[in-house]
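Keep the picture open beside the text and look up each residue as you meet it.

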Amino acid sequence: MKKDSSQQILIISILTLTITILWIYLSIYRTLNKKEKATLTPQETRVLNPKLDGTVFEELKKRKF
Amino acid sequence: MNLSLKNEYFRYRRYFTNLSKGVGSKKISSFAWLSLSIFTVSFFSLMAIRPTLVTIAKLNREIKDKRLASQKLQEKIDSIIAAQAEQAKYVDFFPLLDEALPGKSEFPRLAYFFEQIASSSGVQLKTLSFERIESDPKSFQKRPLLVNSFNFTVSATGQYLTLKEFLNQLEASRRILKTETAFFEEIKKEDFSELSLRVSGQASFEKKADQKESQK
């Protein structure tokens, strides 16, 4: 009877440790995969196209008025 | 009182156990210390290590996000620098853009343009009319685009070839003009007939920033 109870306490303590480790792992996983508000808006991150079509200017230059 | 307690003890003796025998046992003592150690580790892991690890993960993620944002902003800065270089390359041509798409309706200039092409092509300008443009910002609400336009109608008389030349010059204007309809008509008079050309279309102009602001 004495032996059984001490073994049971040990099993419970190991189980507690396992649950604790699992809890820590899940907390970290949740933190890393949590969807937060974006730092920059899509308008702020939109990249401008720096190319200008030079043929349009040439075409305009050819016209008189 | 003491006597009854003693009697009770003898009566329920079989339900009691002697802890000193168990505690004294080396094996049970080891189990107890091991369990206590594991409980202690679990407790401190939960109360101290978990918040620390969560904070570290949060900060790592924040650093990653900020680095990504910084990279995107750098790309935008690079594109703006490239655009500035491109703008400097074509800066001499920008007045042409103002002529093609002026900031205001500029219909007096458009009227002058029609007179110019009429005289250069040798036709006689008969009528010229422009659509009335409302200055009230409410009128712009139905036009969400950056370009506004107004309708015009011009009619001229002359020979077929000169009228055709007039039409060609009109279509080759530097200002953006959209020709919607153009039709020839023969007008019979007492002793002769003359050919008339009637053109209707749209002239565009840029919607200014203050107009866009006033819509909001």
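Thr157(B) has Ser196(B) as its bridge partner in β4(B). These two residues belong to a predicted model, where local features need pLDDT of at least 70, side-chain atom pairs count only at pLDDT 80 or more, and totals for chains, interfaces and linings use all residues. Residues are numbered from 1 along each chain as its sequence is written, while chains are lettered from A and ligands numbered from 1 in the order in which they are written.

**The sheet of chain B**

- Strand β2 (residues 147–158) and strand β4 (residues 193–206) of chain B pair in the antiparallel sense over 12 bridges; strands pair if DSSP finds at least two bridges between them.
- Helices (H or I, at least four residues) and strands (E, at least two) are DSSP runs, numbered from the N terminus.
- The open sheet has four strands in the order β1-β2-β4-β3 (chain B), with antiparallel pairing.
- β1 (124–130) and β3 (177–188) of chain B are at the edges with a single partner strand each, so one side of each has no neighbour in the sheet.

**Strand β3(B)**

- β3(B) and β4(B) form a hairpin with four residues between them, and their antiparallel pairing runs over 11 bridges.
- Within this pair, Phe184(B) stands opposite Leu197(B) in β4(B).
- Of the 12 residues of β3(B), the number buried is zero, so this strand lies largely in the open.
- A residue is buried if 20 or more other C-beta atoms lie within 10 Å of its own, exposed if 12 or fewer, and partly exposed in between, with C-beta atoms placed from the backbone.

**Helix α6(B)**

- α6(B) has 12 residues and reaches 17 Å from its first C-alpha to its last, close to the 16 Å expected at 1.5 Å a residue (1.5 Å times one less than its number of residues).
- Its buried residues are Leu163(B), Phe166(B), Gln169(B) and Leu170(B).
- These four cover an arc of only 120° around the axis, which puts them on the same side of α6(B); the arc is that of the directions from the helix axis to the C-beta atoms.
- On the other side of α6(B), Tyr160(B), Leu161(B) and Asn168(B) are exposed.

**Where chain B meets chain A**

- Chain B has 39 residues in contact with 30 residues of chain A, contact being C-beta atoms, placed from the backbone, within 7 Å.
- α3(B) gives the most to the side of chain B that touches chain A, with 29 residues.

Methods:
Two residues are in contact if their C-beta atoms, placed from the backbone, lie within 7 Å.
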